[in-house]
Protein chains: 4
Amino acid sequence: MKFSQAPELQTTAWLNTDQAVTLQSLRGRVVVLEAFQMLCPGCVSHSLPQAKRVAETFPPDQVAVIGLHTVFEHHEAQGSAAALKAFLHEYRIGFPVGIDAPVDGGGPPRTMRAFNMQGTPTLVLLDRQGRIRKQMFGREDDLRLGAEIMALLNDAAHAGNGGADEHPATDGCDDSGCPVKPG
Amino acid sequence: MKFSQAPELQTTAWLNTDQAVTLQSLRGRVVVLEAFQMLCPGCVSHSLPQAKRVAETFPPDQVAVIGLHTVFEHHEAQGSAAALKAFLHEYRIGFPVGIDAPVDGGGPPRTMRAFNMQGTPTLVLLDRQGRIRKQMFGREDDLRLGAEIMALLNDAAHAGNGGADEHPATDGCDDSGCPVKPG
Amino acid sequence: MKFSQAPELQTTAWLNTDQAVTLQSLRGRVVVLEAFQMLCPGCVSHSLPQAKRVAETFPPDQVAVIGLHTVFEHHEAQGSAAALKAFLHEYRIGFPVGIDAPVDGGGPPRTMRAFNMQGTPTLVLLDRQGRIRKQMFGREDDLRLGAEIMALLNDAAHAGNGGADEHPATDGCDDSGCPVKPG
Amino acid sequence: MKFSQAPELQTTAWLNTDQAVTLQSLRGRVVVLEAFQMLCPGCVSHSLPQAKRVAETFPPDQVAVIGLHTVFEHHEAQGSAAALKAFLHEYRIGFPVGIDAPVDGGGPPRTMRAFNMQGTPTLVLLDRQGRIRKQMFGREDDLRLGAEIMALLNDAAHAGNGGADEHPATDGCDDSGCPVKPG
């Protein structure tokens with residue numbers, strides 16, 4: 001089986017870290033990338049708390065947890081670094097969070113497009129070689145996620161089921177997430 | 001026993017309604033006023049869902065549920081009507097929400113000061129005569145709140161335990177809410 | 001409007017109390033009667049915790065909370081007073097619980113039949129005059145229940161919407177309860 | 001590092017299976033053994049639902065989930081196979097459950113003693129060679145458990161942190177479990 005190399009992150013700023021994070025710099029570690037929006041209920045109630053649990057459960061030199069603020073709607077409300085900083089503070093989110101680079105004309109930002117993410121929350125797992133081993137829009141169980149992270153930690157070489165486990169896109173946010181509107 | 005008349009709301013705008021809401025206009029109904037901030041975790045996870053349940057449980061001509069966005073910190077992140085509008089949309093909040101009027105120099109806005117609220121969330125219950133019968137910072141149980149609303153509905157004249165059930169203020173937001181910093 | 005007088009309880013034993021409880025002896029108080037079975041998941045996860053919250057929220061001289069163990073299936077597993085006593089101990093249930101009197105040949109026990117209960121959990125609210133003001137099979141919200149109890153507390157004389165709010169019976173236990181099988 | 005071989009199960013009966021299960025017969029698979037009691041609140045609310053999720057998440061030819069009913073108190077209430085059968089039916093538990101063999105004079109039954117379990121719930125993880133790799137009294141997170149199961153699945157040979165992660169025993173059941181009383 002062949003896995004795709006993840007495209008590099010395209011961001012305008014980072015919070016909770018002194019320097020910009022690149023996927024390149026995380027080679028050798030398993031990466032849990034959580035794409036979210038501040039105003040996405042499924043992100044706030046499920047995915048960000050889960051990402052915090054991942055960061056508390058696995059050693060940081062083995063598993064890197066990073067957030068990506070992928071604003072694709074309500075730009076005026078969610079678009080400022082100040083708003084995101086306040087949000088991270090109030091929700092006690094301590095891992096590095098990048099701001100996905102917007103495109104002229106709005107819609108999904110650059111990294112979101114490069115990964116072809118279907119909405120928020122989207123969870124991406126990268127192996128130690130920086131390859132996409134899972135990409136999922138919506139809500140994942142802790143039990144399965146724990147198993148998948150451990151499988152990648154133990155994965156000296158390759159294997160795995162990888163691939164995208166795509167969720168059908170729906171219109172508007174619901175409990176499981178906020179899909180990008182098609183078209 | 002004597003209850004205080006609630007001070008009138010001082011707002012700059014309203015959402016989810018065509019015209020500004022005044023407490024004066026709600027006389028004859030029991031009023032459930034929920035003061036909140038978009039970035040207050042206890043508001044998002046507990047108090048706003050509870051206010052939605054109240055609005056679904058009691059007849060609107062008997063119990064009026066209104067929200068009040070009382071931004072006292074992170075003004076740059078929470079201060080715009082656009083941000084609040086997006087928030088209400090994503091969290092499916094349909095009752096009228098007013099924006100508490102800011103004061104020069106920042107800090108708690110005008111209505112929040114007039115009610116002497118200690119932070120967010122703050123729940124205020126007014127009787128049919130517009131008097132404050134309960135004001136509470138933090139989290140209230142559904143069972144007790146249901147009983148208190150019904151007591152006010154049945155309260156032709158007076159009685160009740162009323163008064164504020166104040167929560168000790170802490171520094172920074174926690175699960176029960178975001179207190180105003182003293183001083 | 002006319003409300004039915006509740007039939008008297010028919011029990012073989014009581015736990016958490018020195019003497020048998022009768023509805024007659026509770027006149028003057030609002031009564032919250034929770035019919036349950038030890039092996040009913042909806043009773044264990046929802047209705048008994050709710051009954052505990054009711055007992056903690058309202059003054060006992062105004063609102064009497066009582067349980068009724070209405071075994072209509074798995075008699076061999078749930079039928080002993082010893083099993084029920086251990087259950088009440090482990091789940092920290094402190095209010096009086098009666099054991100509904102079985103009938104020869106099995107099936108729903110005597111009080112359950114007299115009230116025409118559809119399964120467990122069933123919640124019954126009696127007013128201060130011992131009349132049935134609500135009887136509901138399944139799960140009730142705290143907010144609504146709090147309001148209903150308070151309405152009965154304030155109800156000097158009559159009024160109320162009363163009546164049964166019946167839940168459609170299904171086959172076998174689910175999250176909302178265990179229905180009596182028809183026939 | 002050296003891991004202890006698990007002692008064989010000592011049971012009087014099995015439910016949800018046609019034939020008695022032995023640890024010997026499960027060699028080659030990772031084993032998740034959940035020791036519980038029907039009247040242990042932490043077992044009912046947390047550990048048994050978690051065991052069901054494990055059984056649904058991992059392939060049964062790789063991970064065997066078994067329950068063990070380790071009655072060490074309230075024998076009269078929990079001790080019958082009929083009661084356990086009814087319990088498993090109502091809680092929709094489909095994996096094999098053994099009844100731990102009682103000892104004369106009561107107290108913890110034979111398998112519970114052989115494993116030196118501190119109370120219920122106790123979670124035991126065995127590797128493909130039947131060695132104890134984790135034994136924990138109380139509540140484990142899904143994320144960590146998922147990772148540990150996967151680590152054992154991938155563990156061709158040995159390694160692991162193994163060992164018991166013991167919980168301090170307390171008197172009486174609480175949310176995290178029912179400890180065996182010392183002495």
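**Sheets, helices and chain contacts in a predicted model**

Strand E3 (residues 63–69) and strand E4 (residues 97–100) of chain D pair in the parallel sense over three bridges. Two strands count as paired if DSSP finds at least two bridges between them. Strands (E, at least two residues) and helices (H or I, at least four) are DSSP runs, numbered from the N terminus. Within this pair, Gly67(D) stands opposite Val97(D) in E4(D).

The model is predicted: local features need pLDDT of at least 70, side-chain atom pairs count only at pLDDT 80 or more, and totals for chains, interfaces and linings use all residues. Residues are numbered from 1 along each chain as its sequence is written, while chains are lettered from A and ligands numbered from 1 in the order in which they are written.

Two helices pack on the sheet of chain D. Helix H1 (residues 41–57) of chain D touches strand E2 (30–36), E3 and strand E6 (122–126). Its direction makes about 160 degrees with that of E2(D). Helix H5 (residues 142–153) of chain D touches E2, E3, E6 and E7, at about 140 degrees to E2(D). Axes are lines fitted to C-alpha atoms, for helices over the stretch in contact, and angles run from 0 to 180 degrees between N-to-C directions. Contact means that C-beta atoms, placed from the backbone, lie within 7 Å.

Chain C holds an open sheet of six strands. The order is E1-E4-E3-E2-E6-E7, with mixed pairing. Strands E1 (11–15) and E7 (132–137) of chain C stand at the edges with a single partner each, so one side of each lacks a neighbour in the sheet. Seven bridges join the parallel strands E2 (residues 30–36) and E3 (residues 63–69) of chain C. Here Ala35(C) stands opposite Leu68(C).

Chain C can be laid on chain D with an RMSD of 0.0 Å, by a turn of 180 degrees and a shift of 0.0 Å along the axis. This is the relation of a two-fold axis. Superposition is by least squares on the C-alpha atoms of residues with pLDDT of at least 70 in both copies.

Chains A and D also meet. In this contact, 14 residues of chain A face 14 residues of chain D. On the side of chain A, helices H1 (41–57) and H5 (142–153) each supply at least two residues. H5(A) gives the most, with nine residues.

Ile149(B) touches Val30(B), Val32(B), Val54(B), Phe58(B), Val63(B), Leu125(B) and Ala147(C), not counting residues up to four places away in sequence.
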